[in-house]
Amino acid sequence: MDVTLPVPAAAPARPGRLPAGLPIAGLFLALVAVAAVAPGLLTHTDPLAADPMAALQAPSAAHWFGTDQLGRDVFTRTVYGARYSLFIGLTATLLSVLAGGVLGLLAGLAPRAVDEAISRALDVLSSFPEVLLALLFIAFTEPGTPSLILAIALAFAPRYGRIVRAQTLLVRRAGYVEQAVTFGLSRTRLAWRHIVPNVLGPLPILATIGLGTAIVNASALSFLGMGPQPPSPEWGAMLSESRNYLRVAWWSAILPGATLTVTVIALTAVGRRLQARFEGRR
Amino acid sequence: MWRAVLRRLGSGAVVLWAAATAAYLALHLAPGDTVDTLVGDGPDTPQIRAQIAADLGLDRPAVVQYVAYLWRLLHGDFGRSYVLQRPVADIIASQVWPTVKLTLVASAFTVLIAVGLALVSTGRGRWVRGLVSALELSVVSAPGFLIGVLLLSVFSFRLGWFPVSGDRDASALVLPALSLALPLGGLLSQVIREGLERALDEPFAVTARSRGLTRQALLWRHALRHALLPAVTLAGTLIGFLLSAAVVVERVFGRPGLGQVATDAVGAKDIPVVLAVVMLSAAIYVALSTVADLAYLLIDPRLRKG
Amino acid sequence: MAPLLSVQDLHVTFPGPVHAVRGVSFDIEPGECVALVGESGSGKSVTARTLVGLAGPAAQVRAARLTLDGRDTLGFGERDWRRLRGRVAGLVLQDALVSLDPLNTVGAEVGEVLRAHGIGRPADRPVRVAELLSAVHVPDPEERARQYPHQLSGGLRQRALIASAIAADPPLLIADEPTTALDVTVQAQLLDLLAERRAAGSTVLLVSHDLAVVSRIADRVLVMRAGEIVEQGPTAQVLAAPAHPYTRLLLAAVPTAESRGRRLSVTEPEPLPPRNVEPDRIVLSATGLHKWYRTRHAVDDVSFTLARGETLGVVGESGSGKTTVARIALGLVEPSAGTIRLGSGSGQVDWTGVPERRRRPHRRRLQVIAQDPLSSFDPRYTVERLVGEPLLERGRARRDRVVELLERVGLGAEHLSRHPRALSGGQRQRVAIARAIGPRPDVLVCDEPVSALDVSIQAQVLDLLADLQAADGTALLFISHDLGVIHHVADRVLVMHDGRVVEQGPVTDVFTAPSHEYTKSLLAAVPTLDSVSNGT
């Protein structure tokens, strides 16, 4: 028997998440953003300045992250590398959310035949592992930043497409949509006022979590040499260059890698927390 | 129920066919001349161009070309790499086994890690769960190559327990497989744990406990099956991840395999090889997704009509 | 003889702090059937589950005495409880579809307690399971044991659940709302089964919100409210001469034949405002409605009229087609055959078989109130936006009208910016009603509007609907499975079964002197407050 008692205004806390870590995550992300937009504020060295005499030095007061095989300051390169990861990740995510969202909405709202066609297309695209699909795209173009962005956008669009489509189908059948019919709303007004907002609502949060994945994939492809070419200080590319010096200078590979990981962790943690908060509202 | 099985197999076949067609279209609709695309960065001589034209039958009507292409595919003929001057099937066949080995071992590790972590952390105190959650978040967020590099540093260079590169023997599989298994295991473990906890909250769990069941029996005989459902649904996607990540991990550990083949081919613009690798992975994905869907039918009797 | 169960000064608190059970004391003698009655939040379920240590890991249990079958359970750890559960006390929950593991066969579920306690040899268990299923009157027990819960009907499933609880022959059977998810006729059979178990020697503790259900088989009744027992005594006495004001409120709130024309939410008899039924002004007429879903004949030749100010009740069990009829009336579903017309005379409008474009201007004449108001609310909307959505006014005028509507349903301007999630079930239904009467509809379709509400809240909402109808002259198409509610609100009634109207007419006539067999069986199955159990 259910008389539901008023739900407390606070969102149900998801056990296992570290709420204390959240402000730290936010702070770190802010730092990364600063590094991307105004790296000069965090470091005064030139990321491309090579000093062969000072090669492969361990982290010290002079070089916080040590130096790499060409004597370049790893910390500076890491700071300057932020803009690649953020720019590529953000643009790719935005593009794929846009493409996927439009396709998903279309599939969900359109007549059965259109839905079938779009769904099959999304299924086919999804059956290719994302990195390999990106590789294929890059094979047809040139390795570099623009093709990397497009490649990742292409590889991730089906994922968002399917999510949006599933959500659209769910919302279409919701009680409040039917209710609005009884008010005399036309189909278009119904779609704009009730269906689209409720479908697109969860997207920004999903995109935040997806941004983390996009950044990881971008750096993975850069690691393979498919992204910004050396001497650009992109994190994945830096790891690739330093891999051969791992035995003697672990810092030149692992510290940028750790920065990358912590960025993604922060993004995912913030995204998931937002998700838990807003899921209580649905 | 057999109808559901047939339907699933049918749609898998459709996706495979569509993937092959998409590859075909990608090749023929790419900007520029198709022959140029196939030549790539390899040797560019009139003889090779003539060979390409003859192999593809470019003088024949488009439909005929397409059907011939499908026919060749069904017979395992993936075309020819004009960059390396070898049949694509040969190139792939010689390198596929190391990747398969790696993927199999990685899958086994993934399942062990996922199920183990989930069972250990379900319903325990906040500290344990918080710790495990943080651990999972870390491994899921870390790029595969970083984990590989870290493992290399510690276990190969520092401790010397495992070989640094190559594919000499079984011990060379451990670190690469772990690099693949940790992120996926972390992800899967979250899904399984959430499934377990949701199942333990359901009314049937209360009924089961009211019969005097121990916590172990409750987990194993009731909750696990429910938790596997969402995990099985994910299985197909996870295979995709695995294949993607294998490419990168092979590079980190200097292992031979399809990853090497694929990246070399991209670098040399050897399109037929890249297409073939991509199609092969799509085929593996479809096959495993279908198996996962069928497994789902087996686990959940509510889906078998009558 | 010592009591089978003895509880003294039981307190159960949850983090919050929520004091769910406050100082509850009672005994149960062997062979008795005792009922714990209360609405949501009364603490009755928590009490019942605490008796077998299943209140939950967060629960803190304190008591002066808590014994079960002679054992002191106060200091029990999990291991001690496990030995007791299933062997000394069996638990039956509501809705076997979710209370039995859907991924396990029925036989596995029924026999699980045997396995858990190592009773009997594994080879003998299938036989024992079949015996148990027969004991609860499940036909073809061997075959049913091999099936899964979703393959059995609701009634058979619930019987299997009972079988699983009695498998180890426990002296005490605790049933927590065991019949709530079931149709009336099936409910009656389940209650008979429980009475049968009691006659066979089991002691039964029945937890329910439904006084009528309880009155059918219980010897003693304990009325709970806000964690306390406010009244206890023999069933006949408590129901005939309730001492506590809350018990009186509960009894007064039950809609029956006798309560027609009287307010339900007050204990002193108070008449409802008189309604003005105008039989000559027909607002809705349906002729020969049919609806086929593939091979299923969901609606089979249904015809009715609805006059201004009148309430037409549609009663039936699940699968009777009553909801489909409501959806056809609302124009949400096209009938396969038959017509509906709005209004009468020269202004009559075709409602079926016309394109939506032509229907749209008339949509506001029919509004709906559903069973679950929350799912009919856009999750992003506040109360103000929800109630204002169907209104034609804009800006300031709209806001004023929304406040006016909220006040009519017993809410106020302070609710404007609230979110439905933060409201109680009764308040949500009021918001839904405020929204529905905004467009001043001719017809209000009420699809099980009070089925999910507690009795006392249900009483308030029914009174509210009566007040609104008397003031506005709206016609109500009232769908419900609850005959008591229909008998209380309706002028005329349609009895539906398997898609057909088996009987229709003035409600008092149909319910006191039914002519169709189905109506008779339906009425016989309904537990009423008059049918007090005969002590065994």
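Predicted model: local features only at pLDDT ≥ 70, side-chain atom pairs only at ≥ 80, totals over all residues.
An α-helix has 3.6 residues a turn, so residues three or four places apart point the same way.

Helix H8 of chain C comprises 16 residues, 184-199. From its first C-alpha to its last it reaches 23 Å, close to the 22 Å expected at 1.5 Å a residue. Just after this helix, C:Gly201 adopts a positive phi of about 120 degrees.

## Domains of chain C

The domain assignment divides chain C into domain 1, covering 89-169, and domain 2, covering 278-533. Taken over C-alpha atoms, the centres of domain 1 of chain C and domain 2 of chain C are separated by 39 Å.

## Contact between chains C and B

Chain C places 21 residues in contact with 20 residues of chain B. On the chain C side, the elements giving two or more residues are helix H2 (78-84), helix H3 (96-99) and helix H4 (106-117). H4(C) gives the most to this side, with four residues. By class, the chain C residues that touch chain B divide into eleven nonpolar, four polar and six charged.

## Contact between chains B and A

In the other interface described here, 43 residues of chain B are in contact with 40 residues of chain A. The elements of chain B that give two or more residues to the side touching chain A are helix H1 (2-29), helix H6 (126-141), helix H7 (144-158), helix H10 (215-252), H11 and helix H12 (271-299). Of these, H12(B) gives the most, with nine residues. The side of chain B that touches chain A consists of 29 nonpolar, ten polar and four charged residues.

## Overall architecture of chain B

Chain B contains twelve helices and two strands. Along the sequence, these elements follow the pattern α-α-α-α-β-β-α-α-α-α-α-α-α-α. The C-alpha atoms of chain B fill a box of roughly 80 × 60 × 30 Å, taken along the principal axes.

Chain B has 306 residues, of which 45% count as buried. Among the contacts in chain B with a separation of 6 or more, 74% are between residues 24 or more positions apart.

## Packing of H5 against H11 in chain B

Helix H5 (residues 88-121) and helix H11 (residues 258-267) of chain B have axes that come within 7 Å and cross at roughly 135 degrees. H5(B) and H11(B) are therefore oblique to each other. H5(B) contributes B:Ile91, B:Ile92, B:Gln95, B:Val96 and B:Thr99 to the contact, while H11(B) contributes B:Leu258, B:Gly259, B:Gln260 and B:Val261. Five of the residues in this contact are nonpolar and four are polar, with no charged residues.

B:Thr99 belongs to helix H5 of chain B. B:Thr99 is buried because 25 other C-beta atoms lie within 10 Å, the threshold for burial being 20 or more. Leaving aside residues up to four places away in sequence, B:Thr99 touches B:Ala246, B:Gly257, B:Leu258 and B:Gly259. B:Thr99 and B:Gly259 lie 160 residues apart along the chain, and their C-alpha atoms are separated by 7.8 Å.

Key
Residues numbered from 1 in each chain as written. Chains lettered and ligands numbered in written order. Contact = placed C-beta atoms within 7 Å. Nonpolar A, V, L, I, M, F, W, Y, C, P; charged D, E, K, R; others polar. Axes fitted to C-alpha atoms, helices over the stretch in contact; angles between N-to-C directions. Parallel < 35°, antiparallel > 145°, perpendicular 65-115°, else oblique. Domains from an automatic or database assignment. Buried ≥ 20, exposed ≤ 12 C-beta atoms within 10 Å, placed from the backbone. Expected span 1.5 Å × (residues − 1).
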